[in-house]
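Please read this briefing alongside the sequence and the model. The points that follow are grouped by topic.

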Amino acid sequence: MHKKCVVIFGPTAVGKSDLAYQIAQYCKTEIISADSRQCFRELNIGVAKPDNAMLKNIPHHFVNSHSIHDTMNVKVFFDYCKNTLATIFKTTDTAIIVGGTGFYIDAILNGIQDLPTIPLSIKQNVQHNVNAFGKQWLQKQVEEKDPAFFAYVDKENTHRLQRALEFFDATQQSITLFKENKTRLPEYDFILLNVNKERQMLYQQIDQRVEIMMKNGLLEEAENLLQYQQIENLQTIGYKELFSFFNAECSLTTAIEKVKQHSRNYAKRQITWFNRYTNGHYITPNSSIEQLKHLFDMNAKS
């Protein structure tokens with residue numbers, strides 16, 4: 001019998017973590033986070049990690065597993081996920097993967113391409129210029145040097161823009177032209193759960209969650225990280241906007257509204273990305289185990 005991976009994905013704040021926890025309890029298994037921020041020990045309130053009770057009752061992997069000072073990219077996640085799945089499957093036939101980072105989910109389902117190593121000097125040079133001239137400089141550089149990539153990339157995703165510029169400066173080629181056989185996970189049985197809810201309700205939930213994060217101390221958490229604000233792993237929604245407030249670039253009210261707006265924009269992009277996986281089961285976050293268990297039981301018989 002093939003090992004089963006229940007892959008749960010959807011937009012931010014939709015309720016994926018709670019659903020994954022319930023399914024993990026039902027399947028008596030463990031969870032791997034496919035979230036590019038929950039892995040960082042220094043980030044807590046702003047990344048909506050599972051609460052302490054959930055972490056204690058069900059093993060959650062790739063949560064609090066790394067530091068913001070560590071290199072983090074899709075290959076690091078893929079290798080971590082591959083090794084962790086192998087360990088989980090020594091004792092059970094099912095594993096849960098949950099998250100909203102599109103590239104991580106895509107790596108699980110479709111594998112990754114091993115891009116050539118970029119010389120450190122080039123990375124440092126690009127980073128220096130980004131720090132000195134900002135996002136607009138980065139956008140213009142990528143638009144001029146790699147228009148094919150720039151045509152479809154999210155223009156606000158500085159991580160992807162920076163990687164594309166580094167790649168071009170190292171190879172003089174567009175990152176879109178790099179073709180190589182992909183490294184894939186073993187042939188597990190993937191059960192895809194695409195979690196979503198009515199758009200306006202989701203946006204209201206996102207706004208409410210930001211307010212709760214602020215009440216729970218997100219401002220203080222961001223202030224404690226201010227000295228590291230230039231680190232690539234901190235160029236993330238919920239922190240970079242508050243860094244702007246601390247740097248006197250905007251008011252606190254404006255910063256909070258930007259967190260909400262950028263979170264809603266991110267959710268919209270996530271929904272578009274995840275709707276590509278047409279072989280998934282579309283479900284709501286309040287779907288009960290009774291409603292879903294036939295998926296696992298059906299696949300268990302195959």
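**Residues with a positive phi**

Lys28 is found in the loop between helix α1 (16-27) and strand β2; helices (H or I, at least four residues) and strands (E, at least two) are DSSP runs, numbered from the N terminus. The structure is a predicted model, in which local features need pLDDT of at least 70 and side-chain atom pairs count only at pLDDT 80 or more, while totals for chains, interfaces and linings use all residues. Residues are numbered from 1 along each chain as its sequence is written, and side-chain values use heavy atoms, with hydrogens and water left out.

- Phi of Lys28 is near 55°, a positive value in a residue other than glycine.
- Lys28 is exposed, because its relative accessible area is 72%; buried means under 20% relative accessible area, exposed over 50%, and partly exposed in between (1.4 Å probe, protein chains only).
- Ala48, in the loop between β2 and α2 (52-57), also has a positive phi, of about 55°, although it is not a glycine.
- With a relative accessible area of 22%, Ala48 is partly exposed.
- As background, most residues other than glycine have a negative phi.

**The protein as a whole**

- The protein contains 12 helices and 6 strands.
- A compact globule of 302 residues would have a radius of gyration near 19 Å, and the 20 Å of the protein agrees with this; the radius is taken over C-alpha atoms, and the globule rule is 2.2 Å times the number of residues to the power 0.38.
- Along the principal axes, the C-alpha atoms fill a box of roughly 55 × 45 × 30 Å.
- Of the 302 residues, 47% are buried.
- Among the contacts (heavy atoms within 4.5 Å) with a separation of 6 or more, 76% join residues 24 or more positions apart.

**Ser33 in strand β2**

- Ser33 lies in strand β2, which covers residues 31-33.
- Ser33 counts as buried, because its relative accessibility is 4%.
- The side chain of Ser33 makes a polar contact of 3.4 Å with the side chain of Gln38. A polar contact is a pair of N or O atoms within 3.5 Å; within protein, one must be able to donate a hydrogen and the other to accept it, and residues adjacent in sequence count only if both atoms are side-chain atoms.
- Leaving aside neighbours within four places in sequence, the residues in contact with Ser33 include His61, Phe62 and Val98.

**Helix α4**

- Helix α4 (residues 102-110) is largely enclosed by the rest of the structure, because 7 of its 9 residues are buried.
- The buried residues of α4 are Gly102, Tyr104, Ile105, Asp106, Ala107, Ile108 and Leu109.
- These buried residues pack against β1 (4-9), α3 (74-88), β4 (94-99), β5 (189-195) and α11 (252-274).
- Gly111 follows α4 and has a positive phi, near 85°.

- Ser174 is found in the loop between α7 (158-171) and β5.
- With a relative accessible area of 10%, Ser174 is buried.
- Ser174 and Asp146 are 28 residues apart in sequence, yet their C-alpha atoms are 5.4 Å apart in space.
- The side chains of Ser174 and Asp146 are joined by a polar contact of 2.6 Å.
- The side chain of Ser174 also makes a polar contact with the side chain of Thr176, at 2.6 Å.
- Leaving aside neighbours within four places in sequence, Ser174 is in contact with Asp146, Ala148, Phe167 and Phe168.
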